[in-house]
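Thanks for coming, everyone. Let's take a quick walk through this one. Have a look at the screen first.

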Amino acid sequence: MTSDDPRPPPRRGFFGALGPNELKGLFWQVLVVGIAVAVVVFLWSNTVTNLTARRITTGFAFLGREASMPIADSLLAYNPRDSYLWAFVVGVANTLRVAVIGIVLATILGTLIGVSRLSANWLLSRLAAVYVEVLRDIPLLLQLLFWYVMMQALPAARAAWRPVEGVFLSNRGLILPAIPIGVTQLWVLGTAVLGFVAFLVIRRWLVSQQMRDGKPRPAWPFALGLIVVLPAAVSLLLDVSWTIEWPQLRGFNFVGGLTLAPEYFALLVALVTYTSAFIAEIVRSGIQSVPRGQWDAASALGLRRSFMLRQIILPQALRVIVPPMTSQYLNLTKNSSLSVAIGYQDVVSVANTTLNQTGQAIEVISLIMAVFLTISLGISFFMNWYNARLALAER
Amino acid sequence: MTAITDMPDLPRASRRPQIGNPVLRWLRTNLFSSIPNGILTIVLLAVLAKGVIGFVQWGIANAVWLTPANDSSACKAVRGLGACWAIIPEKYRFILFGTYPFDEQWRPALAVLLFITLYSLSTRRALWRRELAFLWIGALALISVLMWGGVFGLSFVSQDRWGGLPVTLILATFGLAFGFPLGILVALGRRSKLPAIRSLSVLYVELIRGVPLVSLLFMASVMFPLFMPAGFNIDKLLRAQIAIILFAGAYLAEVIRGGLQAVPRGQYEAADALGLSYWRKHRLVVLPQAIRHVIPPLVNTFIAFFKDTSLVLIIGIFDLLTTAKTAIIDPAWQQFSVEVYIFVAAIYFVFCFAMSRYSRSLEATSGR
């Protein structure tokens with residue numbers, strides 16, 4: 001298997017074309033692949049025998065059957081009489097709901113804490129260090145159980161805490177005021193998104209103009225016009241109402257508003273705090289990796305502090321920050337499967353119930369793998385694209 | 001945010017003369033360097049004081065430290081106001097050793113001590129040589145004898161009765177001990193120029209790293225019986241251990257691959273020039289250098305495994321976290337789960353913190 005030999009082998013006859021190294025390599029490959037195939041065949045034949053003995057038919061036909069499993073808290077409409085396939089989709093939506101919001105919040109919190117660790121304020125940097133050290137060194141599952149117990153120990157709905165008017169924290173979860181989003185509201189939000197895209201295009205053009213003649217052109221009037229004024233005009237034109245729905249206590253529970261169930265809230269808090277500790281370390285080392293000379297040079301040019309951070313320090317720090325951040329995002333998504341321990345039904349939890357009810361082990365596990373591989377690939381793809389944009393343009 | 005603009009290592013023109021009381025000077029530079037910083041300090045101090053006072057009131061002043069056996073009435077009286085630490089002396093034997101026979105619990109206790117000794121010896125740089133592997137094999141064998149018994153007059157204890165801290169340590173340590181050689185093989189396979197071996201290694205690493213450990217553990221507990229010939233079955237703990245080894249192998253392989261990439265090409269060429277075979281080249285020249293490069297990330301990976309072993313709770317194996325969770329099922333003590341979680345968190349923290357300190361000291365001295 002000496003394959004690191006850089007010299008090209010001398011060419012000989014038909015079998016001689018394979019030198020001793022190649023023959024050895026071929027032998028090893030045949031051996032390893034043979035063992036792998038033998039193991040797979042062994043496991044496969046056992047599985048087929050076992051499944052026939054248990055009268056379980058392989059295949060994905062079971063997905064069409066009625067799931068009859070309750071899913072308490074779901075983003076999509078669900079009823080126990082729906083099919084396993086739909087239960088699965090609901091589970092995926094629940095995973096994404098916690099993963100996407102978790103990633104956003106963990107990034108914000110982690111960045112704040114990472115920056116705090118570098119603060120000149122001794123107290124702030126010490127507190128941030130303690131936060132990171134404590135959260136990193138305790139298993140996530142333990143933290144999750146802890147938060148869940150804390151949620152259950154909260155007062156009942158009648159005696160709910162009100163940190164801010166309209167926000168209730170009780171053993172029913174976190175209840176927030178909400179704005180009901182209908183079709184007309186979606187039009188306005190869609191305009192805002194389109195405006196944002198248009199703004200990005202315009203800003204790019206402005207930068208290219210600045211590259212040509214060196215004159216800076218302000219981009220903020222376009223931002224204001226496209227992202228704020230335009231949607232507001234559409235809103236006025238269509239006469240869209242933006243009434244806030246305030247949650248109210250009726251009997252033993254709340255009516256109206258947006259409810260985050262205790263399971264979801266505990267999972268979100270655990271994932272965000274745990275991951276933010278790791279993100280904080282990444283952000284800290286990223287900022288520290290920018291050489292001091294870059295700060296000095298930017299100050300020497302007389303740049304404003306905010307401009308210097310935005311245009312000089314951050315782009316260089318991000319180059320160090322983004323690759324490890326990708327694996328943190330993947331970890332957070334994979335860790336969301338711990339929800340099985342507290343009864344928030346994400347895709348793994350739904351799959352587990354399906355497995356217990358139907359015994360379709362192989363199909364269910366391959367579905368889980370497919371879901372997570374797709375999510376992982378999606379995150380890696382996005383982060384690689386972002387990373388390629390940031391990469392150093394070498395001459 | 002004022003923080004980023006006041007980076008400690010930035011050149012700051014110090015207009016104030018460096019005179020006066022050193023304590024005051026320290027306070028001024030570190031806590032009150034500017035007005036926003038001063039306000040921040042005061043706000044933080046207020047929050048901190050509130051938190052600390054609250055915790056002291058709950059955890060110390062109003063806490064119940066001891067109660068008569070199996071009587072939680074004193075704790076119930078202070079519920080919500082004070083902690084019930086009395087649950088720890090009440091339940092610690094169960095939390096630490098699970099359902100291991102009560103009179104024999106010195107054996108798992110000794111096993112835990114052996115584990116700790118093994119870890120601390122392994123941190124000594126002077127001992128990093130081949131003999132360390134024999135030490136590990138010997139210690140792990142001794143631990144197996146202690147836990148199982150059946151020889152030397154020790155009564156046999158089946159592994160269904162193992163529980164608590166020794167199980168956590170066993171899962172983590174055996175996971176590393178077997179995952180490490182597996183990881184080396186896979187890392188070499190991934191860098192091999194033989195396409196079949198390379199693609200098998202890539203497939204293994206990516207499949208394992210692509211899915212959560214929870215689903216691997218489910219697979220081990222639910223699917224394993226399906227994979228095996230009828231009538232053949234192995235113990236649940238061993239199945240979970242195999243899943244953890246396979247999981248560890250994939251992650252360690254990636255760390256070791258990083259180390260292999262850091263070994264300069266000249267080293268490979270020199271080994272080839274000496275006429276060493278593939279295995280001798282890697283064993284004698286490449287791997288010792290590669291592994292030295294990656295010891296800090298290896299320690300970090302080990303910390304992650306140590307924490308991840310707690311996931312076996314989901315498939316019902318009695319590790320430290322599961323025994324803790326089971327201890328508070330007892331109706332008399334049900335309401336005092338927070339205290340138990342804090343106790344268990346402290347145990348995990350001590351182990352992980354020691355390892356992360358060690359990893360940091362290695363990073364600081366690496367290359368020396």
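Start with α10 of chain A. Its twelve residues should span 16 Å at 1.5 Å a residue, and its end C-alpha atoms are 16 Å apart, so the two agree. Keep in mind that this is a predicted model.

Is α10(A) enclosed or open? Nine of its twelve residues are buried, so the helix is largely enclosed by the rest of the structure. Among the buried ones are V347(A), N352(A) and L355(A). What covers them? The cover includes α2 and α11 of chain A, and also α9 (213–227) of chain B. Just after α10(A) comes G359(A), with a positive phi of about 75 degrees.

Next, the contact between the chains. On chain A, 58 residues are in contact with 59 residues of chain B. Several helices of chain A give two or more residues to this side, including α2 (84–117), α10 (347–358) and α11 (361–390). Which gives the most? That is α1(A), with 13 residues. By class, this side of chain A has 36 nonpolar, 14 polar and eight charged residues.

Last, the sheet. Three strands of chain A form an open sheet, in the order β1-β2-β5, with antiparallel pairing. β1 (168–170) and β5 (258–260) stand at the edges. Each has a single partner strand, so one side of each is left without a neighbour in the sheet. On average, neighbouring strands here are turned by 15 degrees against each other, direction ignored. Three bridges join β2(A), residues 173–176, to β5(A). Across that pair, L176(A) stands opposite L258(A).

That's the tour. Over to you.

How values were computed: Residues are numbered from 1 along each chain as its sequence is written. Chains are lettered from A and ligands numbered from 1 in the order in which they are written. This is a predicted model: local features need pLDDT of at least 70, side-chain atom pairs count only at pLDDT 80 or more; totals for chains, interfaces and linings use all residues. Two strands pair if DSSP finds at least two bridges between them. Helices (H or I, at least four residues) and strands (E, at least two) are DSSP runs, numbered from the N terminus. Axes are lines fitted to C-alpha atoms, for helices over the stretch in contact, and angles run from 0 to 180 degrees between N-to-C directions. Two residues are in contact if their C-beta atoms, placed from the backbone, lie within 7 Å. Ala, Val, Leu, Ile, Met, Phe, Trp, Tyr, Cys and Pro count as nonpolar, Asp, Glu, Lys and Arg as charged, and the others, Gly among them, as polar. The expected span of a helix is 1.5 Å times one less than its number of residues. A residue is buried if 20 or more other C-beta atoms lie within 10 Å of its own, exposed if 12 or fewer, and partly exposed in between; C-beta atoms are placed from the backbone.
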